[in-house]
Amino acid sequence: MKRVIRLLLAAVAVSVFASGCAVNRATATVDPSANLDKLRVVQVRKLEGEDGTIQKLIASNLRKRGYEVSEDAKPPEKVDAVVTYVDKWMWDITMYLIELTVTVREPKSDFPLATGNSLHSSLTRLSPTEMVDEVVGNIFKESEKSK
């Protein structure tokens with residue numbers, strides 16, 4: 001009888017972890033009128049109240065992709081796009097980045113040219129650097145598809 005109870009408890013534990021904790025989602029949308037290939041100078045705007053960690057990771061990722069990036073509150077005279085983001089953190093033994101949304105905006109009108117989102121729950125968590133790379137990479141992959 002004890003063996004059956006142990007097997008049932010193990011099955012319940014596996015089903016809880018397998019269904020409730022492993023959530024992955026990565027999406028990106030690009031407005032049909034947007035041409036991300038024309039972007040050269042980009043401002044990454046710091047999220048109010050954030051320490052700037054995600055801002056620096058996004059800026060670094062965009063520099064690796066060949067963009068001139070400003071992290072200053074006051075952008076250079078000519079900016080082709082403004083990048084904003086929303087990061088959500090969660091506690092599960094340690095703090096981790098559960099969701100990141102990055103939006104590329106037209107600087108004058110604030111119109112969203114492209115948006116990328118990534119959500120990884122605790123069991124499939126990625127480092128903040130990997131999350132930024134996934135989101136920004138998906139935005140540019142989607143842009144390539146829409147050509």
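Student: Which elements each supply at least two residues of the lining of the largest cavity?

Tutor: Some background comes before the answer. This is a predicted model, in which local features need pLDDT of at least 70 and side-chain atom pairs count only at pLDDT 80 or more, while totals for chains, interfaces and linings use all residues. Residues are numbered from 1 along each chain as its sequence is written, and side-chain values use heavy atoms, with hydrogens and water left out.

Tutor: Rolling a probe the size of a water molecule over the atoms shows where empty space is left. On a 1 Å grid over the protein atoms alone, a cavity is a set of points where a 1.4 Å probe fits but cannot get out; a pocket is an open set with protein on both sides within 12 Å along at least five of seven lines; lining residues have an atom within 4 Å of a point. Here, helix 2 (53-64), strand 4 (81-92), strand 5 (94-105) and helix 3 (128-145) each supply at least two residues of that lining. Helices (H or I, at least four residues) and strands (E, at least two) are DSSP runs, numbered from the N terminus.

Student: What is the volume of the largest cavity, and which residues are closest to its centre?

Tutor: A volume is the space filled by probe spheres set on the points, with grid points joined across faces, edges and corners. For the largest cavity this comes to about 90 Å³. Of its 13 lining residues, Val 42, Leu 62, Val 83, Val 104 and Phe 140 are the closest to the centre.

Student: How much space lies in the largest pocket?

Tutor: About 190 Å³. Among the residues closest to its centre are Asp 80 and Pro 107.

Student: Is Asp 80 buried or exposed?

Tutor: Buried means under 20% relative accessible area, exposed over 50%, partly exposed in between (1.4 Å probe, protein chains only). Asp 80 has 18%, so this residue is buried. Asp 80 sits in the loop between strand 3 (68-70) and strand 4.
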